[in-house]
Amino acid sequence: MASLSRALRVAAACPRQSPTRGLGPCNLSSASGPTAEKSVPYQRTLKEGQGTSVVAQGPSRPLPSTANVVVIGGGSLGCQTLYHLAKLGMSGAVLLERERLTSGTTWHTAGLLWQLRPSDVEVELLAHTRRVVSRELEEETGLHTGWIQNGGLFIASNRQRLDEYKRLMSLGKAYGVESHVLSPAETKTLYPLMNVDDLYGTLYVPHDGTMDPAGTCSTLARAASARGAQVIENCPVTGIRVWTDDFGVRRVAGVETPHGSIQTPCVVNCAGVWASAVGRMAGVKVPLVAMHHAYVVTERIEGIQNMPNVRDHDASVYLRLQGDALSVGGYEANPIFWEEVSDKFAFGLFDLDWEVFTQHIEGAITRVPVLEKTGIKSTVCGPESFTPDHKPLMGEAPELRGFFLGCGFNSAGESGQQSSWPPGGWSYQKILLARITCRLRISSDRCH
(Lines give C-alpha, C1' and ligand atoms only; values in the text may rest on other atoms or scores of the structure.)
Protein backbone atom coordinates (compact mmCIF):
# COMPACT_ATOMS: atom_id res chain seq x y z
CA MET A 1 0.00 0.00 0.00
CA ALA A 2 1.35 3.41 -1.02
CA SER A 3 2.26 5.85 1.73
CA LEU A 4 1.76 9.61 1.69
CA SER A 5 5.50 10.17 1.25
CA ARG A 6 5.60 7.89 -1.80
CA ALA A 7 2.62 9.72 -3.29
CA LEU A 8 4.48 12.97 -2.78
CA ARG A 9 7.60 11.66 -4.52
CA VAL A 10 5.63 10.26 -7.46
CA ALA A 11 3.69 13.50 -7.93
CA ALA A 12 6.91 15.52 -7.88
CA ALA A 13 8.52 13.25 -10.47
CA CYS A 14 5.62 13.39 -12.92
CA PRO A 15 5.56 16.11 -15.62
CA ARG A 16 2.58 18.43 -15.53
CA GLN A 17 -0.19 17.02 -17.72
CA SER A 18 -3.78 17.66 -18.60
CA PRO A 19 -6.31 16.79 -15.90
CA THR A 20 -8.02 14.45 -18.38
CA ARG A 21 -4.97 12.30 -19.02
CA GLY A 22 -5.15 8.54 -18.73
CA LEU A 23 -3.12 6.20 -16.55
CA GLY A 24 0.61 6.38 -17.15
CA PRO A 25 3.77 5.01 -15.59
CA CYS A 26 4.08 8.01 -13.23
CA ASN A 27 0.44 8.17 -12.22
CA LEU A 28 -1.07 6.61 -9.14
CA SER A 29 -4.49 7.41 -10.58
CA SER A 30 -6.19 9.52 -13.21
CA ALA A 31 -8.95 12.11 -13.18
CA SER A 32 -10.65 11.16 -16.43
CA GLY A 33 -14.07 10.37 -15.03
CA PRO A 34 -16.12 8.84 -12.25
CA THR A 35 -15.28 5.33 -11.19
CA ALA A 36 -17.88 2.74 -10.34
CA GLU A 37 -16.55 1.63 -6.98
CA LYS A 38 -14.21 2.99 -4.32
CA SER A 39 -13.32 1.98 -0.80
CA VAL A 40 -14.76 4.93 1.10
CA PRO A 41 -16.36 5.66 4.46
CA TYR A 42 -20.04 4.67 4.62
CA GLN A 43 -19.80 2.54 1.47
CA ARG A 44 -21.44 -0.46 3.11
CA THR A 45 -24.30 1.67 4.39
CA LEU A 46 -25.02 3.34 1.06
CA LYS A 47 -24.00 0.90 -1.63
CA GLU A 48 -24.91 -2.46 -0.20
CA GLY A 49 -27.40 -4.22 -2.39
CA GLN A 50 -27.72 -1.34 -4.84
CA GLY A 51 -27.32 -3.48 -7.92
CA THR A 52 -28.75 -1.95 -11.08
CA SER A 53 -30.03 1.59 -11.15
CA VAL A 54 -33.26 1.96 -9.24
CA VAL A 55 -34.38 5.05 -11.13
CA ALA A 56 -36.02 2.92 -13.81
CA GLN A 57 -38.16 1.21 -11.17
CA GLY A 58 -40.13 4.36 -10.58
CA PRO A 59 -40.60 6.63 -7.57
CA SER A 60 -40.43 5.22 -4.07
CA ARG A 61 -44.00 6.41 -3.44
CA PRO A 62 -46.83 7.95 -5.49
CA LEU A 63 -46.52 11.63 -6.27
CA PRO A 64 -49.06 13.99 -4.72
CA SER A 65 -50.94 16.20 -7.18
CA THR A 66 -50.23 19.34 -5.15
CA ALA A 67 -47.73 20.51 -2.54
CA ASN A 68 -47.13 23.72 -0.64
CA VAL A 69 -43.38 23.43 -1.28
CA VAL A 70 -41.21 21.04 -3.29
CA VAL A 71 -37.58 20.60 -2.27
CA ILE A 72 -35.37 19.33 -5.11
CA GLY A 73 -32.36 17.29 -4.00
CA GLY A 74 -31.95 14.69 -1.25
CA GLY A 75 -28.53 15.68 0.02
CA SER A 76 -27.58 17.46 3.21
CA LEU A 77 -29.28 20.76 2.39
CA GLY A 78 -32.40 19.17 0.97
CA CYS A 79 -32.95 16.95 4.01
CA GLN A 80 -32.23 19.83 6.39
CA THR A 81 -34.67 22.10 4.58
CA LEU A 82 -37.45 19.53 4.58
CA TYR A 83 -36.94 18.74 8.26
CA HIS A 84 -37.00 22.36 9.40
CA LEU A 85 -40.02 23.20 7.24
CA ALA A 86 -41.90 20.29 8.77
CA LYS A 87 -40.78 21.28 12.25
CA LEU A 88 -42.06 24.83 11.66
CA GLY A 89 -45.49 23.34 10.95
CA MET A 90 -45.41 23.55 7.16
CA SER A 91 -47.85 21.02 5.72
CA GLY A 92 -47.64 19.63 2.23
CA ALA A 93 -43.83 19.66 1.99
CA VAL A 94 -42.32 17.21 -0.52
CA LEU A 95 -38.70 16.31 -1.28
CA LEU A 96 -37.83 14.87 -4.69
CA GLU A 97 -34.54 13.00 -5.13
CA ARG A 98 -33.56 11.76 -8.59
CA GLU A 99 -31.78 8.69 -7.18
CA ARG A 100 -31.39 7.95 -3.47
CA LEU A 101 -30.74 10.22 -0.53
CA THR A 102 -27.13 11.52 -0.37
CA SER A 103 -26.23 9.99 -3.76
CA GLY A 104 -24.66 13.14 -5.23
CA THR A 105 -22.07 14.80 -2.98
CA THR A 106 -23.26 14.33 0.60
CA TRP A 107 -22.49 10.62 0.83
CA HIS A 108 -18.72 11.11 0.58
CA THR A 109 -18.40 14.36 2.54
CA ALA A 110 -16.15 14.71 5.58
CA GLY A 111 -18.98 15.83 7.88
CA LEU A 112 -16.91 18.09 10.15
CA LEU A 113 -18.58 20.56 12.52
CA TRP A 114 -16.62 23.55 13.81
CA GLN A 115 -18.67 25.70 16.19
CA LEU A 116 -16.70 28.95 16.17
CA ARG A 117 -16.97 31.47 13.34
CA PRO A 118 -16.16 35.18 13.14
CA SER A 119 -19.87 36.08 13.04
CA ASP A 120 -22.04 36.00 16.16
CA VAL A 121 -25.05 34.96 14.04
CA GLU A 122 -23.17 31.97 12.68
CA VAL A 123 -22.03 30.95 16.16
CA GLU A 124 -25.63 30.95 17.39
CA LEU A 125 -26.90 29.03 14.41
CA LEU A 126 -24.09 26.47 14.55
CA ALA A 127 -25.01 25.92 18.19
CA HIS A 128 -28.50 25.09 16.91
CA THR A 129 -26.92 22.66 14.44
CA ARG A 130 -25.08 20.86 17.15
CA ARG A 131 -28.17 20.55 19.35
CA VAL A 132 -30.18 19.06 16.49
CA VAL A 133 -27.53 16.57 15.42
CA SER A 134 -26.20 15.53 18.80
CA ARG A 135 -29.44 15.42 20.77
CA GLU A 136 -32.77 16.51 19.27
CA LEU A 137 -32.90 14.19 16.27
CA GLU A 138 -32.12 11.14 18.39
CA GLU A 139 -34.79 12.17 20.91
CA GLU A 140 -37.36 12.58 18.12
CA THR A 141 -36.63 9.40 16.20
CA GLY A 142 -34.72 7.08 18.52
CA LEU A 143 -32.04 6.87 15.80
CA HIS A 144 -28.39 7.79 16.24
CA THR A 145 -27.14 10.32 13.68
CA GLY A 146 -23.54 9.17 13.88
CA TRP A 147 -22.47 12.24 15.85
CA ILE A 148 -19.00 11.87 17.41
CA GLN A 149 -17.75 14.52 19.82
CA ASN A 150 -13.97 14.38 19.71
CA GLY A 151 -13.24 18.10 19.71
CA GLY A 152 -11.65 20.46 17.22
CA LEU A 153 -8.21 22.05 17.11
CA PHE A 154 -7.36 25.16 15.06
CA ILE A 155 -3.66 25.62 14.26
CA ALA A 156 -1.93 29.02 14.55
CA SER A 157 1.47 29.05 12.88
CA ASN A 158 1.77 32.85 12.99
CA ARG A 159 0.97 35.63 15.45
CA GLN A 160 -1.90 37.08 13.42
CA ARG A 161 -3.74 33.77 13.30
CA LEU A 162 -3.34 33.28 17.05
CA ASP A 163 -4.77 36.75 17.69
CA GLU A 164 -7.72 35.83 15.50
CA TYR A 165 -8.31 32.68 17.52
CA LYS A 166 -8.19 34.65 20.77
CA ARG A 167 -10.97 36.85 19.42
CA LEU A 168 -12.95 33.75 18.50
CA MET A 169 -12.52 32.39 22.01
CA SER A 170 -13.91 35.65 23.44
CA LEU A 171 -16.87 35.49 21.05
CA GLY A 172 -17.49 31.87 21.98
CA LYS A 173 -17.62 32.73 25.67
CA ALA A 174 -20.45 35.19 25.00
CA TYR A 175 -22.50 32.42 23.41
CA GLY A 176 -21.63 29.56 25.70
CA VAL A 177 -19.18 27.77 23.40
CA GLU A 178 -16.35 26.36 25.46
CA SER A 179 -12.91 26.94 23.94
CA HIS A 180 -9.31 27.26 25.11
CA VAL A 181 -6.22 28.86 23.60
CA LEU A 182 -3.38 26.40 24.14
CA SER A 183 0.37 26.92 24.11
CA PRO A 184 2.51 24.67 21.88
CA ALA A 185 3.43 22.57 24.92
CA GLU A 186 -0.23 22.17 25.94
CA THR A 187 -1.08 21.29 22.35
CA LYS A 188 1.60 18.59 22.37
CA THR A 189 0.13 17.13 25.55
CA LEU A 190 -3.33 17.05 23.98
CA TYR A 191 -2.13 15.72 20.61
CA PRO A 192 1.19 13.86 21.14
CA LEU A 193 1.65 13.00 17.45
CA MET A 194 1.59 16.64 16.36
CA ASN A 195 4.66 18.66 15.41
CA VAL A 196 4.37 21.91 17.39
CA ASP A 197 7.85 23.34 16.71
CA ASP A 198 6.52 26.03 14.36
CA LEU A 199 3.33 26.85 16.30
CA TYR A 200 2.41 30.00 18.18
CA GLY A 201 -0.55 28.21 19.74
CA THR A 202 -3.88 26.54 18.98
CA LEU A 203 -7.56 27.01 19.67
CA TYR A 204 -9.22 23.94 21.17
CA VAL A 205 -13.02 23.51 21.13
CA PRO A 206 -13.80 20.31 23.05
CA HIS A 207 -17.43 20.01 21.88
CA ASP A 208 -16.75 20.08 18.15
CA GLY A 209 -17.11 16.82 16.29
CA THR A 210 -18.20 14.95 13.18
CA MET A 211 -21.41 13.64 11.67
CA ASP A 212 -22.08 10.56 9.58
CA PRO A 213 -23.68 12.09 6.44
CA ALA A 214 -25.75 8.99 5.70
CA GLY A 215 -26.95 8.63 9.28
CA THR A 216 -27.75 12.32 9.63
CA CYS A 217 -29.72 12.58 6.38
CA SER A 218 -31.70 9.39 6.94
CA THR A 219 -32.59 10.57 10.45
CA LEU A 220 -33.62 14.00 9.14
CA ALA A 221 -35.82 12.34 6.53
CA ARG A 222 -37.37 10.06 9.14
CA ALA A 223 -38.12 12.99 11.46
CA ALA A 224 -39.58 15.08 8.62
CA SER A 225 -41.79 12.20 7.49
CA ALA A 226 -43.09 11.76 11.03
CA ARG A 227 -44.25 15.39 10.88
CA GLY A 228 -46.15 14.88 7.63
CA ALA A 229 -43.52 15.67 4.98
CA GLN A 230 -42.96 13.28 2.07
CA VAL A 231 -39.62 12.00 0.77
CA ILE A 232 -39.79 10.59 -2.76
CA GLU A 233 -36.68 8.92 -4.14
CA ASN A 234 -35.99 7.70 -7.70
CA CYS A 235 -37.90 10.67 -9.09
CA PRO A 236 -35.84 13.16 -11.14
CA VAL A 237 -37.25 16.58 -11.92
CA THR A 238 -37.41 17.22 -15.67
CA GLY A 239 -39.06 20.63 -15.76
CA ILE A 240 -40.46 23.53 -13.75
CA ARG A 241 -43.73 25.12 -14.80
CA VAL A 242 -43.90 28.91 -14.67
CA TRP A 243 -46.76 31.38 -15.12
CA THR A 244 -46.88 35.16 -15.45
CA ASP A 245 -49.38 37.11 -13.35
CA ASP A 246 -51.33 40.22 -14.35
CA PHE A 247 -48.42 42.43 -13.31
CA GLY A 248 -45.92 40.61 -15.51
CA VAL A 249 -44.26 38.82 -12.58
CA ARG A 250 -43.06 35.27 -13.25
CA ARG A 251 -44.11 32.75 -10.61
CA VAL A 252 -43.59 29.04 -9.96
CA ALA A 253 -46.57 26.90 -10.92
CA GLY A 254 -45.31 23.33 -10.53
CA VAL A 255 -42.65 20.71 -11.22
CA GLU A 256 -42.57 18.02 -13.89
CA THR A 257 -41.15 14.52 -13.50
CA PRO A 258 -41.20 11.39 -15.70
CA HIS A 259 -43.84 10.02 -13.33
CA GLY A 260 -46.23 12.96 -13.22
CA SER A 261 -46.38 16.58 -12.14
CA ILE A 262 -46.89 18.36 -8.83
CA GLN A 263 -48.66 21.71 -8.65
CA THR A 264 -46.84 24.00 -6.21
CA PRO A 265 -46.20 27.73 -5.66
CA CYS A 266 -42.76 27.15 -4.13
CA VAL A 267 -39.65 25.23 -5.19
CA VAL A 268 -36.38 25.04 -3.23
CA ASN A 269 -33.35 24.19 -5.36
CA CYS A 270 -31.07 22.09 -3.13
CA ALA A 271 -29.58 20.11 -6.00
CA GLY A 272 -25.95 20.93 -5.20
CA VAL A 273 -23.68 20.34 -8.19
CA TRP A 274 -26.82 19.91 -10.33
CA ALA A 275 -28.42 23.17 -9.13
CA SER A 276 -27.44 25.03 -12.32
CA ALA A 277 -29.33 22.49 -14.44
CA VAL A 278 -32.40 22.82 -12.21
CA GLY A 279 -32.15 26.59 -12.48
CA ARG A 280 -32.10 26.43 -16.27
CA MET A 281 -35.41 24.56 -16.18
CA ALA A 282 -36.93 27.66 -14.59
CA GLY A 283 -34.97 30.28 -16.51
CA VAL A 284 -32.88 31.13 -13.43
CA LYS A 285 -29.12 31.60 -13.54
CA VAL A 286 -27.39 29.72 -10.71
CA PRO A 287 -23.75 30.93 -10.54
CA LEU A 288 -21.82 27.90 -9.36
CA VAL A 289 -19.29 25.50 -10.83
CA ALA A 290 -18.51 21.86 -10.14
CA MET A 291 -15.01 20.84 -9.11
CA HIS A 292 -13.19 17.69 -8.06
CA HIS A 293 -12.66 17.77 -4.29
CA ALA A 294 -10.59 15.12 -2.53
CA TYR A 295 -9.30 13.55 0.64
CA VAL A 296 -7.47 10.34 1.48
CA VAL A 297 -8.07 7.87 4.29
CA THR A 298 -4.94 6.48 5.95
CA GLU A 299 -4.17 3.09 7.35
CA ARG A 300 -4.25 2.57 11.11
CA ILE A 301 -2.12 5.03 13.12
CA GLU A 302 -1.08 3.95 16.59
CA GLY A 303 -1.90 6.61 19.17
CA ILE A 304 -4.32 8.61 17.02
CA GLN A 305 -7.43 7.25 18.74
CA ASN A 306 -9.65 9.89 20.39
CA MET A 307 -7.59 12.80 19.06
CA PRO A 308 -9.46 15.99 18.05
CA ASN A 309 -10.02 16.99 14.43
CA VAL A 310 -7.42 19.47 13.17
CA ARG A 311 -7.79 22.47 10.87
CA ASP A 312 -4.79 24.44 9.63
CA HIS A 313 -6.21 27.41 7.76
CA ASP A 314 -2.86 28.73 6.56
CA ALA A 315 -1.80 25.37 5.12
CA SER A 316 -5.35 24.71 3.84
CA VAL A 317 -5.41 21.21 5.28
CA TYR A 318 -7.61 19.31 7.72
CA LEU A 319 -7.15 16.04 9.61
CA ARG A 320 -10.37 14.29 10.51
CA LEU A 321 -10.29 11.46 13.03
CA GLN A 322 -11.75 8.28 11.57
CA GLY A 323 -11.58 5.60 14.22
CA ASP A 324 -7.90 4.63 14.41
CA ALA A 325 -7.02 6.45 11.17
CA LEU A 326 -7.17 9.94 9.66
CA SER A 327 -8.89 11.51 6.69
CA VAL A 328 -6.56 14.10 5.15
CA GLY A 329 -7.86 16.80 2.84
CA GLY A 330 -8.28 20.50 2.20
CA TYR A 331 -8.88 23.07 -0.52
CA GLU A 332 -7.04 22.63 -3.81
CA ALA A 333 -5.13 25.67 -5.08
CA ASN A 334 -5.42 24.42 -8.67
CA PRO A 335 -8.68 22.42 -8.73
CA ILE A 336 -9.97 20.32 -11.59
CA PHE A 337 -13.32 21.45 -12.97
CA TRP A 338 -16.07 18.99 -13.84
CA GLU A 339 -16.96 20.59 -17.14
CA GLU A 340 -19.88 18.36 -18.15
CA VAL A 341 -21.98 17.45 -15.12
CA SER A 342 -23.71 14.13 -15.76
CA ASP A 343 -27.32 13.66 -14.68
CA LYS A 344 -26.60 9.91 -14.39
CA PHE A 345 -23.93 10.35 -11.72
CA ALA A 346 -24.86 8.71 -8.38
CA PHE A 347 -22.68 7.31 -5.58
CA GLY A 348 -19.69 7.77 -7.87
CA LEU A 349 -16.18 9.11 -7.46
CA PHE A 350 -13.34 10.39 -9.62
CA ASP A 351 -9.80 9.08 -9.53
CA LEU A 352 -7.63 11.34 -7.42
CA ASP A 353 -5.05 13.53 -9.18
CA TRP A 354 -1.94 13.32 -7.00
CA GLU A 355 -0.32 16.38 -8.54
CA VAL A 356 -3.25 18.51 -7.42
CA PHE A 357 -3.36 16.83 -4.02
CA THR A 358 0.35 17.32 -3.29
CA GLN A 359 -0.07 20.49 -1.22
CA HIS A 360 -2.30 18.67 1.27
CA ILE A 361 0.20 15.84 1.65
CA GLU A 362 2.97 18.31 2.41
CA GLY A 363 0.88 20.18 4.98
CA ALA A 364 -0.31 16.99 6.66
CA ILE A 365 3.17 15.48 6.97
CA THR A 366 4.53 18.75 8.38
CA ARG A 367 1.83 18.81 11.03
CA VAL A 368 1.75 15.06 11.89
CA PRO A 369 5.13 13.55 10.84
CA VAL A 370 4.05 9.94 11.40
CA LEU A 371 1.92 10.31 8.25
CA GLU A 372 5.08 10.20 6.13
CA LYS A 373 5.32 6.46 6.68
CA THR A 374 1.59 5.75 6.95
CA GLY A 375 -0.17 3.81 4.20
CA ILE A 376 -3.16 5.08 2.26
CA LYS A 377 -6.25 2.90 2.61
CA SER A 378 -8.51 4.72 0.15
CA THR A 379 -8.89 7.89 -1.87
CA VAL A 380 -12.09 9.91 -2.08
CA CYS A 381 -12.48 12.44 -4.90
CA GLY A 382 -16.01 13.58 -5.63
CA PRO A 383 -17.88 16.56 -7.03
CA GLU A 384 -18.43 19.71 -4.98
CA SER A 385 -20.04 23.00 -5.98
CA PHE A 386 -18.32 26.36 -5.53
CA THR A 387 -19.46 29.95 -6.07
CA PRO A 388 -17.46 32.96 -7.34
CA ASP A 389 -17.42 34.79 -3.99
CA HIS A 390 -17.16 31.64 -1.83
CA LYS A 391 -20.56 32.38 -0.26
CA PRO A 392 -23.66 30.17 -0.44
CA LEU A 393 -26.60 30.89 -2.73
CA MET A 394 -29.59 31.42 -0.44
CA GLY A 395 -33.06 32.90 -0.78
CA GLU A 396 -35.54 33.67 -3.53
CA ALA A 397 -34.27 34.15 -7.08
CA PRO A 398 -35.04 37.66 -8.35
CA GLU A 399 -36.10 36.31 -11.76
CA LEU A 400 -38.81 34.00 -10.44
CA ARG A 401 -41.14 34.33 -7.46
CA GLY A 402 -41.39 31.15 -5.42
CA PHE A 403 -38.07 29.74 -6.67
CA PHE A 404 -35.58 29.51 -3.80
CA LEU A 405 -31.91 28.61 -3.80
CA GLY A 406 -30.26 26.48 -1.13
CA CYS A 407 -27.03 25.51 -2.86
CA GLY A 408 -23.46 26.54 -3.63
CA PHE A 409 -22.09 25.84 -0.16
CA ASN A 410 -18.46 25.53 -1.23
CA SER A 411 -17.92 22.15 0.40
CA ALA A 412 -19.60 23.38 3.60
CA GLY A 413 -23.13 22.03 3.19
CA GLU A 414 -22.68 19.40 5.92
CA SER A 415 -22.31 22.07 8.61
CA GLY A 416 -18.91 23.54 8.02
CA GLN A 417 -16.81 20.59 6.87
CA GLN A 418 -13.26 21.53 5.97
CA SER A 419 -13.90 25.13 4.94
CA SER A 420 -11.71 28.06 5.95
CA TRP A 421 -14.33 30.60 6.94
CA PRO A 422 -17.42 30.19 4.73
CA PRO A 423 -20.80 29.88 6.45
CA GLY A 424 -21.91 26.31 7.04
CA GLY A 425 -25.05 24.87 5.44
CA TRP A 426 -26.96 24.67 8.69
CA SER A 427 -25.95 28.19 9.64
CA TYR A 428 -28.15 29.76 6.99
CA GLN A 429 -30.99 27.28 7.20
CA LYS A 430 -33.29 29.43 9.34
CA ILE A 431 -32.75 32.44 7.09
CA LEU A 432 -33.84 30.42 4.08
CA LEU A 433 -36.81 28.94 5.92
CA ALA A 434 -38.00 32.34 7.10
CA ARG A 435 -38.01 33.59 3.51
CA ILE A 436 -39.84 30.50 2.24
CA THR A 437 -42.57 30.68 4.88
CA CYS A 438 -42.94 34.42 4.32
CA ARG A 439 -43.40 33.88 0.58
CA LEU A 440 -45.97 31.14 1.15
CA ARG A 441 -47.95 33.35 3.54
CA ILE A 442 -47.97 36.15 0.98
CA SER A 443 -49.17 33.74 -1.73
CA SER A 444 -51.87 32.39 0.57
CA ASP A 445 -53.08 35.88 1.50
CA ARG A 446 -53.23 36.85 -2.16
CA CYS A 447 -55.35 33.81 -2.96
CA HIS A 448 -57.85 34.74 -0.25
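**Entry 1. Cavities**

I looked up the largest cavity of this predicted model and found that about 80 Å³ of space lies in it. For the search I took a cavity to be a set of points, on a 1 Å grid over the protein atoms alone, where a 1.4 Å probe fits but cannot get out. Grid points were joined across faces, edges and corners, and a volume was the space filled by probe spheres set on the points. With a threshold of 30 Å³ or more, I counted three cavities.

I then listed the lining, that is, residues with an atom within 4 Å of a point. The lining of the largest cavity consists of His292, Ala294, Glu332, Pro335, Ile336, Asp351, Leu352, Asp353, Val356, Phe357 and Cys381. Strand S14 (289-298) and helix H9 (354-367) are the elements that give two or more residues to this lining. I sorted the residues by class, with Ala, Val, Leu, Ile, Met, Phe, Trp, Tyr, Cys and Pro as nonpolar, Asp, Glu, Lys and Arg as charged, and the others, Gly among them, as polar. The lining of the largest cavity has seven nonpolar, three charged and one polar residue.

**Entry 2. Conventions**

I number residues from 1 along each chain as its sequence is written, and side-chain values use heavy atoms, with hydrogens and water left out. As the model is predicted, local features need pLDDT of at least 70 and side-chain atom pairs count only at pLDDT 80 or more, while totals for chains, interfaces and linings use all residues.

**Entry 3. Overall figures**

I took helices (H or I, at least four residues) and strands (E, at least two) as DSSP runs numbered from the N terminus. The protein has 10 helices and 21 strands. Of its 448 residues, 60% count as buried; buried means under 20% relative accessible area, exposed over 50%, and partly exposed in between, with a 1.4 Å probe and protein chains only.

The accessible surface of the protein is about 17800 Å², and 51% of that surface belongs to carbon and sulfur atoms. I note that these areas come from the Shrake-Rupley method with a 1.4 Å probe, and that for residues only the protein chains shown count as cover. Among contacts (heavy atoms within 4.5 Å) with a separation of 6 or more, 76% join residues 24 or more positions apart.

**Entry 4. Salt bridges**

I defined a salt bridge as a side-chain nitrogen of Lys or Arg within 4 Å of a carboxyl oxygen of Asp or Glu. The structure holds 12 of them.

I examined lysine 87 and glutamate 136, whose closest N and O atoms are 3.0 Å apart in a salt bridge. Lysine 87 belongs to helix H3 (residues 76-87) and glutamate 136 to helix H4 (residues 120-141), so the bridge ties together parts 49 residues apart in sequence. Lysine 87 is partly exposed at 34% relative accessible area, whereas glutamate 136 is buried at 18%. I also found a network of salt bridges that links Lys87, Glu136, Glu140 and Arg227.

I next examined arginine 161 and glutamate 164, which form a salt bridge of 2.9 Å, N to O. Both residues lie in helix H5 (residues 159-174), three residues apart, or about one turn of the helix. Both arginine 161 and glutamate 164 are buried.

Arginine 367 and aspartate 198 also meet in a salt bridge, at 2.9 Å from N to O. Arginine 367 is in helix H9 and aspartate 198 in the loop between helix H6 (184-190) and strand S7 (201-205), so this pair ties together parts 169 residues apart in sequence. Arginine 367 is buried at 4% relative accessible area; aspartate 198 is partly exposed at 34%.

**Entry 5. Positive phi**

Most residues other than glycine have a negative phi. I recorded serine 316, not a glycine, with a positive phi of about 55 degrees. Serine 316 sits in the loop between strand S15 (309-312) and strand S16 (317-322) and is buried at 15% relative accessibility.

I also recorded phenylalanine 347, with a positive phi near 50 degrees. Phenylalanine 347 is in the loop between strand S17 (325-329) and strand S18 (349-350), and is buried at 2% relative accessibility.

**Entry 6. Glycine 75**

I located glycine 75 in the loop between strand S2 (69-72) and H3, buried at 15% relative accessible area. Leaving out residues up to four places away in sequence, glycine 75 touches Glu97, Thr102, Thr106 and Cys217. Its C-alpha atom is 7.6 Å from that of cysteine 270, which is 195 residues away along the chain.

Conventions: On a 1 Å grid over the protein atoms alone, a cavity is a set of points where a 1.4 Å probe fits but cannot get out, and a pocket is an open set with protein on both sides within 12 Å along at least five of seven lines; lining residues have an atom within 4 Å of a point.
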